[in-house]
Amino acid sequence: MHPREQTIFALSSGRPPSAIAVVRVSGAEAGTALAALAGKMPASRMATRVLLRDSSRQPIDDAVVLWFPGPSSATGEDVAEFHVHGGRAVLAALFAALSALDNMRPAEPGEFTRRAFENGKIDLTEAEGLDDLIQADTDRQRRQALRQLKGLLGDKARDWRAQIIEASALIEAGIDFSDDGDVPAQLIAPALAKIKTLHAEIETVLASEGRSERLREGLVVAIAGPPNVGKSTLMNALARREVAIVSPHAGTTRDVIEVQLDLDGYPVTVIDTAGIRETDDPVEQEGVRRARARAAEADLVLWLSDAQHERILPRGTAPLWVVHNKIDLDAPGVPSRQGQADTEFRISASRGDGLTELVGALVGFAQNYFGSGEGALISRERQRQLLQQTVVALQRSIDVAGEGEELAAEELRIAAYALGRLLGRVDVEDLLDVIFREFCIGK
């Protein structure tokens, strides 16, 4: 039997041990498995308490089971759920009992969601939204993922594709009736009007999205500067816990340290880098090299300085904020050194002075970087690229309409094909393998 035709099972809840664990079964043999272990078939969509037994009639667990006959199920197939106590021994016994049945096998990562997609329960944008929802660390990531899961982009793309097909049908009809004098013009004019309106609508979406797809990965902020200016102390203060070693000795931080933060719902990765200086120590040299590389890749660089170090600002493409640290140690009446930077802050990372203002500025930077995001349609670079391909094809169809209806019709087919790929309905087998293998097992 082909793997796609086999019945699959997996743990769909959290890692054991837990109070309750949910084991999901999907496929043609789901009902057979449920009846064999529960001793009876429960009413559909009704939680039923049963004593599960294996093939030797040995008890497995006192459980609750649910039966969802297809196609009205999450995957579109017959689905059974076993709600058992979440001990490792219970799950091991249940998995052994399921594995002993014919045509049953453990699910692969994302296989339940893939079957839901293949059976028309969700489109590819909704599947991506589900994955993003599982991976969401902040409230803003959760809200964006939930909008995708509800079909925010998918519904729009389906409507756009339907309009393209309608316009294409008008142009094709014009080609068919090309011998009837003014009939083609009467058909092509409304088609071109529809295409221009659609082109403008999708262009507006692309222009207004900003960096909304970056909300999935988050903003990267690098803390850089010479040794002993308090980079690790600032890292710990932002994280509100000890994530980096603080020492008065230069060269303590020799590798890149990262911590994930939630700043007002925005995901931010803060990087503590090795002190940038000239050194003969080969290990520290490697740390400095990595520090420069990570700072160059960051979306924002916080360059720390203090009264003891000359401030030589690095050159780079990312915005750079100068943060003058250790203001509690500055001599009274002696101003800190000034440098060439658009944004400057004065803080004491150890005492907490100025940190509220710095964090508030970081939140504001994240707001501007990601945009409002509340109505964002695009959440992945793949989606943006396919919408851009659609816009280009629509523009070409407008440009070549005067040269021949056949050329315009071909460009519309390309545009519709791009939206089909966005929804995952045409020629995406390799892409599906990449997307669904990133899911956890049981989804």
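D264 lies in the loop between β8 (257-263) and β9 (266-272), where strands are DSSP runs of E with at least two residues and helices are runs of H or I with at least four, numbered from the N terminus. This is a predicted model, in which local features need pLDDT of at least 70 and side-chain atom pairs count only at pLDDT 80 or more, while totals for chains, interfaces and linings use all residues. Residues are numbered from 1 along each chain as its sequence is written, and side-chain values use heavy atoms, leaving out hydrogens and water.

Most residues other than glycine have a negative phi, and most peptide bonds are trans. D264, although not a glycine, has a positive phi of about 55°, and because its relative accessibility is 46%, D264 counts as partly exposed, a class between buried (under 20% relative accessible area) and exposed (over 50%), with a 1.4 Å probe and protein chains only. R57, in the loop between β3 (48-53) and β4, also has a positive phi, near 65°.

A cis peptide bond joins P16 and P17, with omega about 0°, and P17 sits in the loop between β1 (7-11) and β2 (18-26). Another cis peptide bond, with omega about 5°, joins G70 and P71.

Turning to the helices, the axes of α4 (residues 124-135) and α5 (residues 139-149) come within 7 Å and cross at roughly 155°, the axes being lines fitted to C-alpha atoms over the stretch in contact, with angles from 0 to 180 degrees between N-to-C directions. The two helices α4 and α5 are therefore roughly antiparallel to each other, since angles over 145 degrees count as roughly antiparallel, under 35 as roughly parallel, 65 to 115 as roughly perpendicular and the rest as oblique.
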